[in-house]
Amino acid sequence: MKKLLATAIVATVLAMSCLSRNPTIEVYRDRFQSVTYYDIEKFSEDLKTESINISRIEKRMLEDGDILVYLTDQNRLRKMLILELDRDNRGFMFFDFVTYDENGLVFIEKKYVKLQASNIFDFDKGIIPEKTEGVELWWHNLDDVEMYLVPWNPAKLGKYPTAGLN
């Protein structure tokens with residue numbers, strides 16, 4: 001009886017685990033993992049200090065599944081995967097990111113980070129800081145429609161070309 005109950009519990013947990021996985025996010029993450037440090041190091045030559053338009057309009061520059069490459073204020077390269085960007089106009093972004101050290105080794109890595117509109121983020125520490133020191137990214141809302149991801153100087157960022165990724 002105990003063995004049957006234990007088997008039933010394990011089967012239920014496994015079934016719930018499979019149902020709770022979002023296959024789209026898993027595809028995004030597989031693509032994200034295929035982008036290596038050397039890929040982003042090469043792409044980093046094209047990074048800029050310009051904002052990226054994430055406004056609630058047709059010409060939005062980022063979508064779910066897009067990858068950003070970033071140079072932090074401490075000269076660390078980073079890649080960021082947009083999992084969910086302002087879905088249903090809720091004012092939240094969910095993302096994964098990896099920040100590398102100067103040798104190309106993972107310095108910090110986090111999954112499913114939540115950032116609310118009008119907030120800032122420090123990728124060298126992996127936190128939403130209380131002060132602006134060390135900030136690399138600001139989600140700047142001008143109003144309910146016009147919004148930008150702004151690299152905080154001297155940080156730079158760019159949208160990684162994902163057309164050739166499987």
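Q: What makes up the lining of the largest pocket in this predicted model, by residue class?
A: The lining divides into 4 nonpolar, 2 polar and 4 charged residues. Phe43, Ile52, Met61 and Leu157 are among the residues lining the pocket, and they count as nonpolar because Phe, Ile, Met and Leu are on the nonpolar list. Asp46, Lys48, Glu50 and Lys159 line the pocket too, and Asp, Glu and Lys count as charged. That leaves Ser51 and Gly158 in the lining, with Gly put among the polar ones by definition.

Q: Which strand gives the largest share of that lining?
A: Strand 9 (residues 156-159), with 3 residues. The pocket itself holds about 170 Å³ of space.

Q: How do you know that the length of helix 2 agrees with its 12 residues?
A: At 1.5 Å a residue, residues 23-34 should span 16 Å, and the end C-alpha atoms sit 17 Å apart, so the two agree.

Q: What puts the buried residues of helix 2 on the same side?
A: The buried ones are Ile25, Tyr28, Arg29, Arg31 and Phe32. They cover an arc of only 160° around the axis, so they share a side of helix 2. Residues three or four places apart point the same way, because an α-helix has 3.6 residues a turn. Pro23, Val27 and Asp30 are exposed on the other side. As for packing, the buried residues sit against strand 2, strand 3, strand 4 and strand 5.

Q: Why is Thr72 called buried?
A: Its relative accessibility is 1%, and buried means under 20%, so Thr72 qualifies. Thr72 lies in the loop between strand 2 and strand 3, and it touches residues including Thr99, Phe123 and Glu136.

Conventions: Residues numbered from 1 in each chain as written. Predicted model: local features only at pLDDT ≥ 70, side-chain atom pairs only at ≥ 80, totals over all residues. Heavy atoms only, no water. 1 Å grid on protein atoms, 1.4 Å probe; cavity = no way out; pocket = protein on both sides within 12 Å on 5 of 7 lines; lining within 4 Å. Points joined across faces, edges and corners; volume = space filled by probe spheres on them. Helix = DSSP H or I, 4+ residues; strand = E, 2+ residues; numbered from the N terminus. Expected span 1.5 Å × (residues − 1). Buried < 20%, exposed > 50% of the residue type's maximum accessible area, 1.4 Å probe, protein only. Arc of directions from axis to C-beta. Contact = heavy atoms within 4.5 Å.
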